[in-house]
Amino acid sequence: MAKGLLMTYVLWAVGGPAGLHHLYLGRDSHALLWMFTLGGGGGLGWLWEFWKLPSFVAQANRAQGQRQSSGRGTPALSPIRFAAQMIVGIYFGLVALISLSFMANFYIVGLPLAVGLGVLLVASVGYQTSDFKRTLGVAFLISPIFYGRPIAILPISLAASITAQKHRRYKASVGSETLSGRLYRLGLAYLAFTGPLAYCALCNTAATLSYVAETLGSFLSWFSFFPLLGRLMESVLLLPYRVWRLLVRDHGFSNSYFWEWEKVYEFVHSFQDEKRQLAYQILGLAEGATNEEILQRYRELVKIWHPDHSRHQPGEAQRHFLEIRAAYEVLSQPRKPRGSR
């Protein structure tokens with residue numbers, strides 16, 4: 001049945017951030033992406049594609065036999081798609097870090113899987129896709145190099161995005177699927193994404209907010225060498241909180257309603273100082289220790305707690321080793337001056 005442009009615009013206006021118009025046009029990957037990102041970055045992608053809907057409808061109405069199959073040609077290289085793959089891969093990695101980092105071997109299995117699936121989701125938007133095994137394989141190969149470090153999200157997403165672009169191809173023509181079958185698959189994918197996060201938020205709120213604050217702080221610390229960009233990212237990340245607070249400040253809402261989010265807000269702002277203080281405690285150093293003292297103490301503790309040197313208590317040694325390495329990385333970064341934000 002031919003798809004109508006008017007109906008597409010109606011669905012775009014009514015349920016665009018949830019991907020209803022893409023579901024109507026048979027663009028299930030695009031619909032799922034919009035569900036996960038609330039319309040592409042909080043609705044920015046949804047607004048931008050207002051001008052793209054006619055071309056989407058034309059693609060959907062193209063005869064099945066006229067679509068290119070996976071063996072005929074290669075889609076054009078798209079810098080926008082590559083950038084979107086990077087961003088969504090990072091986004092999936094941050095969500096996994098918040099909701100699944102308590103899992104054993106998270107940095108070996110959970111993190112590369114989440115980032116790789118985010119990259120593949122963008123790679124499969126429209127009528128093109130990429131090599132599933134190679135993209136995930138690269139993500140799993142890169143992950144051990146940065147084991148235990150949140151910054152691993154960046155190189156994993158970059159490597160997976162490059163691989164997905166290198167092996168891009170058109171989707172093979174397949175027979176039509178029933179709407180119920182499509183909704184079933186989309187529902188399972190949505191539950192797999194939101195389930196762990198919802199469980200943590202509802203059943204362990206305090207720990208989840210701590211994960212959120214730590215993840216945001218780690219993300220902002222990536223920009224320590226670019227203060228202006230770091231301040232911009234901080235403003236963007238905290239914008240939803242600021243807007244919501246402004247809307248309800250004088251409308252009868254108790255301040256206690258926001259006490260948990262206030263903690264996150266203040267924690268992110270003071271994250272660097274608090275994390276450095278904790279790092280000094282882990283290494284057993286006084287605040288203000290020199291770089292030479294930090295390096296010497298780090299080497300001493302690594303010799304004691306390296307898993308290869310503590311085979312009689314591998315679990316405790318692994319935990320201490322990761323804490324020591326994380327503390328050293330924090331103290332090795334240039335300190336952000338007060339008032340720079």
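This is a predicted model: local features need pLDDT of at least 70, side-chain atom pairs count only at pLDDT 80 or more; totals for chains, interfaces and linings use all residues.
**A colleague's note: rings, core and helices**

1. Residues are numbered from 1 along each chain as its sequence is written, and side-chain values use heavy atoms, with hydrogens and water left out.

2. Now the overall picture. The protein chain has 16 helices and two strands; these are DSSP runs numbered from the N terminus, with helices being H or I over at least four residues and strands being E over at least two. Of the 341 residues in the chain, 39% are buried. A contact means heavy atoms within 4.5 Å. Among contacts between residues at least 6 apart in sequence, 69% join residues at least 24 apart.

3. Next come the aromatic rings. Rings of Phe, Tyr and Trp (its six-membered ring) pair if their centres lie within 6.5 Å; planes under 30 degrees apart count as stacked, over 60 as edge-to-face and the rest as tilted. The whole structure holds 13 aromatic pairs. Phe-50 and Trp-51 make an edge-to-face pair, at 4.9 Å centre to centre with 90° between the planes. Trp-51 is exposed, with a relative accessible area of 69%. Both residues belong to a cluster in which ring pairs link Tyr-9, Trp-12, Trp-46, Phe-50 and Trp-51.

4. What does the pair of Tyr-91 and Phe-193 look like? The rings are tilted, with 6.1 Å centre to centre and 40° between the planes. Tyr-91 lies in helix α6 (residues 79-100) and Phe-193 in helix α10 (residues 179-203), so this pair ties together parts that are 102 residues apart in sequence. Tyr-91 counts as partly exposed at 29% relative accessibility, whereas Phe-193, at 14%, counts as buried.

5. Rings also meet charges here. A charge sits over a ring if NZ of Lys or CZ of Arg is within 6 Å of the ring centre and within 35 degrees of the ring normal. The charged end of Lys-3 is placed over the ring of Tyr-24, 4.9 Å from its centre. Arg-27 lies over the face of Phe-56, at 4.0 Å from the ring centre.

6. Ala-2 lies in the segment before α1 and is exposed, with a relative accessible area of 62%. Leaving aside neighbours within four places in sequence, Ala-2 is in contact with Tyr-24 and Asn-61. The C-alpha atoms of Ala-2 and Val-57 are separated by 8.9 Å, although these residues are 55 apart along the chain.

7. Which residues have the most contacts inside the largest nonpolar core? They are Leu-33, Phe-36, Phe-92 and Leu-121, in a core of 21 residues. Helices α3 (28-37), α5 (53-61), α6, α7 (106-123) and α10 each supply at least two residues of this core, and the largest share, five residues, comes from α3. A nonpolar core is a set of buried Ala, Val, Leu, Ile, Met, Phe, Trp, Tyr and Cys residues joined through side-chain atoms within 4.5 Å. Leu-121 touches Ser-29, Leu-32, Leu-33, Phe-36 and Phe-92, not counting residues up to four places away in sequence.

8. Helix α3 itself is mostly covered, with nine of its ten residues buried. Among them are Asp-28, His-30 and Trp-34. Leu-38 follows α3 and has a positive phi, near 55°.

Methods:
Buried means under 20% relative accessible area, exposed over 50%, partly exposed in between (1.4 Å probe, protein chains only).
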